[in-house]
Amino acid sequence: MSTTQAREVISVCDCSQSRMQCVADMLLLTSDLRPVMTEASKLYGDSFSSYRDAIIMAIRGLSVATKDINLQLNSVTSQWRDIGQCLHEISECVVCITESSSHAAYLVCCGTPGSIASQSGIIDRYVITRANLEIQLACDRLKHSIVEDLQAQLLLDICSCITRNLSVLTESCKMASSHVKDNSEADQFKLCIKSINSCASTLIAGIKTFKSSPTEAHHRRCVAFSTSLSASTNALVTFSTEVDFVGRPAHFSAHAKEAQSAILGSCMSIVSSSIQLHKTVKHLAYDNSSMRHRSKVSVCTDAIANAADQLASVLLAFQVQKAPR
């Protein structure tokens, strides 16, 4: 494997690991019990069965991707670029499963006697934190890539990611500024919007300059501006997710918490095994001849498959026993 291919695979592994771990931290390893509002929620609403079916479909996609990674790593004709794409698909499936499982668990628990649903605030904590995560990962990709690796398509993807998620932060803060009662806090939301958009515009202008003239000096400029954007969006999230803005978390009964643990515990096993798979492939990118890490790939994919089967079984059990009201 060429040095360029190795760096590409390593970058995919690092980014995917960070995304899966951060989403798990936000949804699986927290006592802040809330619904998870994603694009899926617009389709499925409060239907547990729809979420269950979507999770099982995502599990099938994950199964296909993990089998593919095994085949690719054992094929003499496989391309490491394809392996990197496969790893990205695995991480996307895992994030989808994590988000949907967290919301499915919430629906199950809210349908259990003695539980109290959450109360929404003017800011959705997960939506805004998730958008910030994608911006941070895009900025990190700029910072940690060398000049030769920052090709036109990657730069376009980075700009698109920043623009798309900046829009989420902007719209959330606009909505909050129009609903907050304190005028000084409304002004603070508006100033946050100006800050992040100014930093983003400066960074994107720097990326365009780098694209037309990819020099070390222009790359350092992008690094400096991406650091500024990272700081401004982090500050926005810190302010906007203060306790006064995010509503009240749910309260689950002891019985409901058992149900939640069964779902989220199985999901966490998928996340942990997937992260180990990415770490193992990253080691192979450094040392392609390592038989120890090659054999560990199969161990990781088997662990993912077992955890996925367990999650599917748990969800199917709730179809009969604890469908939410």
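From the N terminus on, the protein chain runs α-α-α-α-α-α-α-α-α-α. That makes ten helices and zero strands. Helices (H or I, at least four residues) and strands (E, at least two) are DSSP runs, numbered from the N terminus.

The radius of gyration is 21 Å, close to the 20 Å of the globule rule for 325 residues, so the protein chain is as compact as a globular protein of that length. This radius is taken over C-alpha atoms, and the rule is 2.2 Å times the number of residues to the power 0.38.

This is a predicted model: local features need pLDDT of at least 70, side-chain atom pairs count only at pLDDT 80 or more, and totals for chains, interfaces and linings use all residues. Residues are numbered from 1 along each chain as its sequence is written, and side-chain values use heavy atoms, leaving out hydrogens and water.

Buried means under 20% relative accessible area, exposed over 50%, partly exposed in between (1.4 Å probe, protein chains only).

Now zoom in on one residue. Asn 132 lies in helix α5, residues 125–144. Asn 132 is buried, with a relative accessible area of 7%. Leaving aside neighbours within four places in sequence, Asn 132 is in contact (heavy atoms within 4.5 Å) with Leu 169, Thr 233, Asn 234 and Val 237.
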